[in-house]
Amino acid sequence: MKDFHYYTPTEVVFGKDSEKEIGHLVKKHGGGKVLIHYGGKSAETSGLLDTVRRQLDAVGIPFVELGGVVPNPVLSKVHEGVQISKNENVDFILAVGGGSVIDSAKAIAYGLAYDGDVWDFFSKKTEAFAAYPIGVILTIPAAGSEMSNGCVITNEEGYSKRAYDNDLCRPRFAVMNPIRTYTLSAYQTACGAVDMMMHTMERYFSHDDDMLLTDAIAESLMRTVCECAPKVIAAPNDYILRSQIMWAGSLAHNNLTGCGTIGDFATHMLEHELSAMFNVAHGAGLAAIWPHWAEYVLSENPTRFAQFAVNVLKIANNFRSAEETAREGIEAMKIFYKKIGMPTSIPELLGRKATDDEIREMADKCSLGRTSTIGHLKILSYDDMVEIYNMANR
């Protein structure tokens, strides 16, 4: 079991009407003037923004607002948020939404504390040494950004999608009311389930095989999502099911399921280029890529894949061949994806095949111009990336 640091400073307020504590929480965590950052019309039409405004007014905290965050959040909106916040002397960012809104808020928090362009952090030109505090009202369980140190932004110039991880951006608090997720579509719910499972799967598929407790936690979380996702799609107003999904998304990406392991986030990195180029839903892109990554790297640790098949997907272990059991597990995962309406290939995702030029461009960007590798279970170079994209494109 690898040595590890586990750091989760986010205060979680979970339950019905939990958003009514917003004013107290912002004040508790030092907010003097707030930028309320959100996505589209749903935050307004649902009445959630009005609730937030009233709560801030009640404790005497002034605020400004910036909406319009899109899925796969973009750098131009971050720049807009930084400028507004500087002009208005904002000292606290409140994200109202899902992973895209939270990631945009995190990037604004970095930019407020930096004299240069916030993209410098995502392009690896420099490291952040400060960030303004943020809080979260979660409405879309998926990305786990409400408790993670991660942030992903797309630069429209060249459509580069890049991640930046730093504990400075961990939210001070996360407010989670499962009732606020009732209106999510079946597609949004399914995409979220894929993303949260992938956050744990990518920590789970490792060369490390001596972390029994971490494995048990990870397997339990993945089983829970597999069990609850189809049910909540069928019964979207079931509070108990929505609660399991919402909490699973947070635990999947606060690194609890990765303590003692070295994970492999190659699927996420391959998908980032897919969603940057084609602006597809992140969860759907992950479902289209993962089975083919799994087939490509399976031989690196077939026993690990067999364990996943048996303990998570309830495949019978034939005890003759770990590889056979593992392949059954990969097929079972594809069946699960289809059951919840997710694609398992690029043509299913896009409605067409990607061209050879598009595949090479994605691989080139993912490998930073063929200068970098990704993955850990199997180190992937540019040629490996092209092959996985091709496998997913059949």
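Here are some questions and answers about this predicted model. Residues are numbered from 1 along each chain as its sequence is written, and side-chain values use heavy atoms, with hydrogens and water left out. Because the model is predicted, local features need pLDDT of at least 70 and side-chain atom pairs count only at pLDDT 80 or more, while totals for chains, interfaces and linings use all residues.

Q: What is the strand order of the open sheet of six strands?
A: Let's begin with the terms: strands (E, at least two residues) and helices (H or I, at least four) are DSSP runs numbered from the N terminus, and two strands pair if DSSP finds at least two bridges between them. In this sheet the pairing is parallel, and the order is 1-8-5-4-2-3.

Q: How many bridges join strand 2 and strand 4?
A: Strand 2 (residues 34-38) also pairs with strand 3, in the parallel sense over four bridges, and there histidine 37 has leucine 66 as its bridge partner. Towards strand 4 (residues 92-97), valine 34 stands opposite phenylalanine 92. This second pairing is parallel as well, and its bridges number five.

Q: What angle does helix 5 make with strand 4?
A: Axes are lines fitted to C-alpha atoms, for helices over the stretch in contact (heavy atoms within 4.5 Å), and angles run from 0 to 180 degrees between N-to-C directions. Helix 5 (residues 99-112) lies across strand 2, strand 4 and strand 5 (134-138). Its angle to strand 4 is about 165°.

Q: Which residues form the covered face of strand 3?
A: Strand 3 (residues 63-66) has two faces, and the uncovered one holds Phe63 and Glu65. The covered face is made of Val64 and Leu66.

Q: Is asparagine 72 buried or exposed?
A: Asparagine 72 sits in the loop between strand 3 and helix 4 (75-87), with a positive phi near 55° although it is not a glycine. Buried means under 20% relative accessible area, exposed over 50% and partly exposed in between, using a 1.4 Å probe and protein chains only. At a relative accessible area of 9%, asparagine 72 is buried.

Q: Is arginine 370 buried or exposed?
A: Arginine 370 is another residue that is not a glycine and has a positive phi, of about 65°. Its place is the loop between helix 15 (356-366) and helix 16 (382-392). With a relative accessible area of 54%, arginine 370 is exposed.

Q: Which residues does histidine 268 touch?
A: Histidine 268 belongs to helix 10 (residues 266-278). Its relative accessible area is 8%, so it is buried. Leaving out residues up to four places away in sequence, histidine 268 touches Asp195, Met198, His199, Glu202, His282 and Leu286.

Q: Which residues of helix 12 are buried?
A: Helix 12 covers residues 302-311. Helix 7, helix 8 (212-234), helix 11 (282-297) and helix 13 (322-339) are among the elements that cover its buried residues. Those buried residues are Arg304, Phe305, Ala306, Phe308 and Ala309.
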